[in-house]
Amino acid sequence: MDGGVNHVQPAPDAPAKRRLRILLSAYACEPDKGSEPGIGWRWALGLARAGHEVWVITRTNNAGAIEHALAGRRDAGPQFVYYDLPRWASGWKRGARGVRTYYILWQWGAYRLARRLCRNTRFDVVHHITFGVFRHPSFMAFLGVPFVFGPVGGGEAAPRELRATFPLHGRVIDGARDVANWMVRIDPLMAAVYRRSSAILCKTGETRDAIPARYRGKCRVQLEVGIDDPGERSIQPHTREDGRFRILYVGRLVYLNGVHLALAALARLRRTHPQATLTVIGSGPDEAWLRRAARRLGADEAVTWIPWLERAAVMRAYAGHDAFLFPSLHDSSGNAVLEALASGLPVVCIATGGPAVLADASCAFLVPPGKPGETVEALAAALARLADDNVLARSMFEAAVLRARQQFSWDRQVARMEQLYRSALPAPPARGAEATR
């Protein structure tokens, strides 16, 4: 035994042999990217590697990076078809409202392109991948082909008691978001999309519950993220040679990710564990507000702020810390949580959104949301347990790696999607029915 974790991932469910012809709608799709662009790319690549014929409609703006990534590949990769709005419309993407307008118009143009493709190519299934928001329509539902919508998120809401900790603009934004989510109940376009969907994939149970009740029978909770199979690579737990307890946060610096709660938990923890530190990797519009909060709490000397790192450097950062703190209040996915688990980091998070789907009690402390003081106290107490109990920390390290590999490898995720596609296909005609034709 070398002290590391080297579990063998069980084989995913074996898919049926028939090759499927799949049309993906992926507005965001770029190699070597995180968030939505990376999701579009990874699903296209994963389904093609599984042996299916994959066509992808994405933005012309993504073409350069995609063609560069595909150059020199020996295997049959996805086939990409590009579409964008006229250049004069590019200014609409500035600001939240403009992006939504541009995106919906792009969806309409991509649908018209898809109709032309369907005249010459018979697709088994059409799948909308990105953007993954349950209140944004996909006109691909109107192609008359079995249609899979999602995984989509956005139905999550910040707990009411914790909204008092938001800056003013955060309370306004979340209030407007609540209204937009409620409007889905009476939106005739979204109703038409849901009605025509063969399956609706929801990133979280909260999003499933935000979809009108009459369509929930089509809903299934499934996250869109995955990790690469590390093969035989052994992962070692971090060794605290200098006695410091190192905590890590990775993500955007926005109010909804709860970094202000992480800073308050750090300040509380340092009363009993003065050697505890927090590394914050990320940037965002609320960085100045968060830095002021760190100073006000007297924790600024224990916080290292790193605005941006390449992905390889971020992955190395996971390995150099003892715990991952991610108190997001309505994150639909939580890809950083999955990366942390895959690196063996025990997670401390709020029991809501995507992180609560990714992690369980074997590898994470899922803190129930409550009053601000109670929530901060619970976050700090969870961190203290990890700092004090090496046996517990080691057990959670092993469970984190095992859960990430077994439940969220890309092979496993693709196998689940293949199974869903096949369940969405119309049943083949009986042999007797074929003989009478």
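An open sheet of 6 strands, paired in parallel, runs in the order β10-β9-β8-β11-β12-β13; strands pair here if DSSP finds at least two bridges between them. Because β10 (303-306) and β13 (364-367) stand at the edges with a single partner strand each, one side of each has no neighbour in the sheet. On average, neighbouring strands are turned by 20° against each other, direction ignored; axes are lines fitted to C-alpha atoms, for helices over the stretch in contact, and angles between N-to-C directions run from 0 to 180 degrees. This is a predicted model, in which local features need pLDDT of at least 70 and side-chain atom pairs count only at pLDDT 80 or more, while totals for chains, interfaces and linings use all residues. Residues are numbered from 1 along each chain as its sequence is written, and side-chain values use heavy atoms, with hydrogens and water left out.

Within the sheet, β8 (residues 245-250) and β11 (residues 323-326) pair in the parallel sense over 2 bridges, and Leu248 has Phe324 in β11 as its bridge partner. Helix α8 (residues 259-269) packs on the sheet, touching β8, β9 (276-281), β10 and β11, and its direction makes about 165° with that of β9. Helix α13 (residues 372-388) also packs on the sheet, where it touches β8, β11, β12 (347-350) and β13; its direction makes about 170° with that of β12. Contact means heavy atoms within 4.5 Å. In the protein chain there are 16 helices and 13 strands, taken as DSSP runs (H or I, at least four residues, for helices; E, at least two, for strands) and numbered from the N terminus.

The largest nonpolar core has 101 residues, of which Leu24, Phe245, Leu263, Tyr318, Phe324 and Tyr421 touch the most other members. Its largest share, 9 residues, comes from α8. A second, separate core of 39 residues includes Leu113, Phe134, Ala141 and Cys219. Such a core is a set of buried Ala, Val, Leu, Ile, Met, Phe, Trp, Tyr and Cys residues joined through side-chain atoms within 4.5 Å.

Turning to helix α2 (residues 63-70), Ala63, Ile66 and Leu70 are buried, that is, under 20% relative accessible area, with exposed meaning over 50% and partly exposed in between (1.4 Å probe, protein chains only). These residues lie on the same side of α2 because they cover an arc of only 70° around the axis, taken from the directions from the helix axis to the C-beta atoms. The buried residues of α2 pack against α1 (35-49), β2 (53-59) and β3 (79-83), whereas the exposed Gly64 and His68 are on the face turned away from the buried side.
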